[in-house]
Amino acid sequence: MFSTAFLDLPPLASVQGSVQLPGSKSISNRVLLLAALSQGTTEVRDLLASDDTRVMLDALRQLGCTVDEAGGGTVRITGLGSSTPPSPTQLFMGNAGTAMRPLTAALALLGGEYELSGVPRMHERPIGDLVDALRQLGCRIDYLGNQGFPPLRIAHAGGLPPLQLQAPIRVRGDVSSQFLTALLMALPLVARQQDVVIEVVGELISKPYIHITLELLARFGIAVRHEQWQRFTIPAGSRYQSPGLIHVEADASSASYFIAAGAIAAGANGQKGIKILGVGLDSIQGDIRFVEAAQAMGARVTGGPNWLEVARDTWPLKAIDLDCNHIPDAAMTLAVMALYARGTTVLRNIASWRVKETDRIAAMTCELRKLGATVEEGADYLRVTPPAQSGDWRAASIHTYDDHRVAMCFSLAAFNPAGLPVRIEDPKCVAKTFPDYFEALFQVAQTDTDRIPVICIDGPTASGKGTVAAAVARALGYHFLDSGALYRITALAATRAGLEISPDNEPRIAELARQLPVRFAGNRIWLGEEDVTDAIRTEQAGMNASRVSALPAVRGALVALQHGFRRLPGLVADGRDMGTVIFPQAPLKVFLTASAACRAERRHKQLISKGISANIADLRADLEARDARDANRSASPLKPAQDALVLDNSEHTIDEAVMQVIDWWQARQPFGA
């Protein structure tokens, strides 16, 4: 997951390959709560790993359930059965509506004293209609802040009060379907002796999500009847029965981004489109009907029981006018697809967007306009007209409002015909439902290599270039290449193979270099399955690397290997010839230097901290000798690129040097500093 302040997406051109989707958030949290209310143990497989499910799992532990996370998306929940949760208990629900609403209803009907709170945005999301419905039963629920909104206190310290079941329970259906879902999942707790009836007041929005709820209740032994989605009956004698084992279907809402990508982007390397694994046309999730909308806009979609294939068919896409009540979450993706359509797209009946993680109608309007679209918003609709021509598109920094769906939707703007980058602010907000979304996108998206940004940081030995480059890469979410490590690893491999590092062995060492299975993972460097981080950081390894780098054939062998590190979303490469030889067209080149005295002092401190005795004078002499050797070698001598910015960090801290490089990089972006 990208945890950077922002993530810059370079222009994307095509898609190919396959993507495995994570489990559905809606299904995951419903299954967890139903398992918690059942007798016995339920094994849940393919559970979504996200912020919302983490909130629910933590709450279930607090309430006395045994939660065994076996790994690989498998969790075993031993339910409460007839037990009463411990109270008083305070539960933090984050911004997880799929946890807050159902748990409120269940705890109100289990008895006890509980406080439920969340992040500030959760305290702005309405819950009054659910509380009103529960109060009809005699439940005592108090607002601890604003009326109609969390945080809440369930005040049953003396146990569950006598419930009033004589009349149907009435709940509004036109604000959020989660209120009805919460009642449907909780009311079997009190339907032991008689039927319990729920009547929906007004139009029920998001019926597909209620369908998911009914399907899952049936899996746990609760057969709810409904009449035209307005009257629901939980039969007397209902009792939760664990199915023992249940699989979580992949998230159909998450599929929408890749369905859209397949419709927007051309195929690559002779392939047509993209394959999506984990959800199929027979999904129980209402958002699978996003496929119909995508087809109406011009996508070609085929599928089977657990897969979809999507490719561009009609281009440009066709504008649509659609009632989106049946796909409230996935419909957001249509708003971005509208940028690639001919004409004006109208999305109607989306009032529920205003009470989601943010006011999504306002958010989508603001961010679409940044890209150059003409947008009209209403109380329950959005009208989107794309930029008239490619030259009217604008590079934009997309504010994501701590809303996962805003972030994922607008990543699709990177396929724009103007070839402009798109910045996604706070990319980690996708952790709510799809923590690895951007990694999955980069797995299937392609672009011309020269569009993938590279920052080169060159400099002499002990200048701090490796430390600075690694920190810049972390800050930007880019890949990192320590080219010096490649030479050190080549030297290590050569000596292990019994090869003296000399011109006589140059061809054999070069062949060895071509085969190096090197990867950088965090602060560690791997050669195949061996962690060689420490083995290549000795003084002798550094001297051997300098000798290896003087062999032209070896340097040539490592060029292709270094080019291979240029992958989405970008690369920070450090070395001695990154800007002059390996990536001469890089948009930012930095030559990081420091005086020999300063570098010797720093190296001395490093060695002493490791318990290695050292002499500053000897270290300085060695560094000056290396500088001379590197500057005068015939192949790629050490020198700044002509267009490099020189940064003398003799008096700078590492953090100051990192900030300077990032400031220089920001100044080159179309989004501004």
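What follows is a set of questions and answers on helix packing and nonpolar cores in a predicted model. Local features need pLDDT of at least 70, side-chain atom pairs count only at pLDDT 80 or more, and totals for chains, interfaces and linings use all residues. Residues are numbered from 1 along each chain as its sequence is written, and side-chain values use heavy atoms, with hydrogens and water left out.

Trainee: How many helices and strands does the protein have?
Mentor: Helices (H or I, at least four residues) and strands (E, at least two) are DSSP runs, numbered from the N terminus. The count for the protein is 21 helices and 36 strands.

Trainee: What percentage of the residues in the protein is buried?
Mentor: Buried means under 20% relative accessible area, exposed over 50%, and partly exposed in between (1.4 Å probe, protein chains only). The protein has 673 residues, and the buried share is 58%.

Trainee: Which residues have the most contacts inside the largest nonpolar core?
Mentor: A nonpolar core is a set of buried Ala, Val, Leu, Ile, Met, Phe, Trp, Tyr and Cys residues joined through side-chain atoms within 4.5 Å. The largest has 83 residues. Its largest share, nine residues, comes from H7. Those with the most contacts inside this core are Leu334 and Leu368.

Trainee: Which residues does Leu368 contact, leaving aside neighbours within four places in sequence?
Mentor: Contact means heavy atoms within 4.5 Å. With those neighbours set aside, the partners of Leu368 are Ala335, Val336, Leu339, Ala373, Val375, Leu382, Val384 and Phe410.

Trainee: Are H7 and H11 roughly parallel or roughly antiparallel?
Mentor: Axes are lines fitted to C-alpha atoms, for helices over the stretch in contact, and angles run from 0 to 180 degrees between N-to-C directions. Angles under 35 degrees count as roughly parallel, over 145 as roughly antiparallel, 65 to 115 as roughly perpendicular and the rest as oblique. The axes of H7 (residues 252-264) and H11 (residues 404-411) come within 9 Å and cross at roughly 20 degrees. H7 and H11 are therefore roughly parallel.

Trainee: Which residues of H11 meet H7?
Mentor: On the H7 side are Ser253, Ser254 and Tyr257. Their partners in H11 are Arg405, Met408 and Cys409.

Trainee: Is the crossing of H5 and H6 left-handed or right-handed?
Mentor: The axes of H5 (residues 177-186) and H6 (residues 207-219) come within 9 Å and cross at roughly 15 degrees. A crossing is left-handed if the near helix is turned anticlockwise from the far one by less than a right angle, and right-handed if clockwise. The crossing of H5 and H6 is right-handed.
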